[in-house]
Structure formats: structure tokens, C-alpha cells
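Thanks for coming. I have one structure to go through today, and I will keep it short.

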Amino acid sequence: MPMTPTPGRDTVAAAEWDLRTDDVRWTAEAFRLLGCDPGHGPLSLDRLPDRLSEADRPQLRRMMTDALVHGRYAVGTLQVRRPGGGHGMVECAGEPVLGTDGTVTALRMLLRPAGPG
């Protein structure tokens, strides 16, 4: 996935959604970057837009369509709502995982802060 290391932004989080089993796995850093409580578990793909500003939801939908429907890498910067009303910019790079028949079976995503660390 095209994420070039940048000084001050070397913290990378990972998330994966298995479309066959509905299993969702996030690293601790993904919970932090997306402003979610690890005690509540990771968000499903259909709940992920809840963490974004209203203005960035169409971009996430385009990224998800690229990855899940067209099987392409999806890259973008999104504004995430934080607990307490704040916002933070997060760079996302999504990679579809293809099954043996060529259909998308999972989505892997790397996330990192978009601003200075």
C-alpha cells in the first residue's frame, strides 16, 4: 500500500474486516486514531462512517466501492470525529483481499495521523 514514511507520523495502525466471517480486527492504535473505545470492540464497515465528519462520508463510500466492488487499492485522508467533539485527520490506505475466485473476501486498512505527530 502506498504510504511513504513521514517524520513525526510514523505511527501506523491496522484494521481488517473479513467479509466471509464478519470477523473484525483492529490494532490498539486503530482504536486510538478512530476515537473508539476498545471495550466496545472494533466497528463493522457499515458503522465506520459514524466516526467521520459528514463531509467525508462520500469519500469513504468511494474508497469502499473502489476496494470492495472494483478490487482496487483505496487511499484517502479523512476527518475523524473524536470523543469530546474534536476532530483529527487520518490517512487511510485500503487493500482488498481476493479469494481464489477473484472476489473480495476481506479489506485490510492501514491508518496514520495526517498531521504532525
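This is a predicted model: local features need pLDDT of at least 70, side-chain atom pairs count only at pLDDT 80 or more; totals for chains, interfaces and linings use all residues.

The protein has two helices and five strands. Reading from the N terminus, the order is β-β-α-α-β-β-β. There are 117 residues, and 41% of them count as buried. The accessible surface comes to about 6500 Å², with 52% of that belonging to carbon and sulfur atoms. If we take contacts between residues at least 6 apart in sequence, 47% of them join residues at least 24 apart.

Now to helix 2, which covers residues 57–69. Its 13 residues reach 17 Å from the first C-alpha to the last, close to the 18 Å expected at 1.5 Å a residue. Which residues of helix 2 are buried? They are Arg57, Leu60, Met63, Met64 and Ala67. Looking down the axis of helix 2, these buried residues fall within an arc of 120°, so they line one face of the helix. What covers the buried residues? The cover includes strand 3 (74–81), strand 4 (87–98) and strand 5 (104–113). After helix 2 comes Gly71, with a positive phi, near 65°.

On to the charged side chains. How many salt bridges does a search of the whole structure find? It finds nine. I will show three of them.

One joins Glu91 and Arg112, side chain to side chain, at 2.7 Å from N to O. This pair links distant parts of the chain, since Glu91 sits in strand 4 and Arg112 in strand 5, 21 residues apart. Are these two buried or exposed? Both Glu91 and Arg112 are buried. For Arg112, the relative accessible area is 5%.

Another is between Asp23 and Arg25, at 2.5 Å from N to O. Asp23 is partly exposed, with a relative accessible area of 34%, and Arg25 is partly exposed too, at 42%. These two also belong to a network of salt bridges that links Glu16, Asp23, Arg25 and Arg108.

The last one I have is Arg47 with Asp50, where the closest N and O atoms are 2.6 Å apart. Arg47 is partly exposed at 45% relative accessible area, and Asp50 is partly exposed at 28%.

That is what I have for today.

How values were computed
Residues are numbered from 1 along each chain as its sequence is written. Side-chain values use heavy atoms; hydrogens and water are left out. Helices (H or I, at least four residues) and strands (E, at least two) are DSSP runs, numbered from the N terminus. The expected span of a helix is 1.5 Å times one less than its number of residues. Buried means under 20% relative accessible area, exposed over 50%, partly exposed in between (1.4 Å probe, protein chains only). The arc is that of the directions from the helix axis to the C-beta atoms. Contact means heavy atoms within 4.5 Å. Accessible areas come from the Shrake-Rupley method with a 1.4 Å probe; for residues, only the protein chains shown count as cover. A salt bridge is a side-chain nitrogen of Lys or Arg within 4 Å of a carboxyl oxygen of Asp or Glu.
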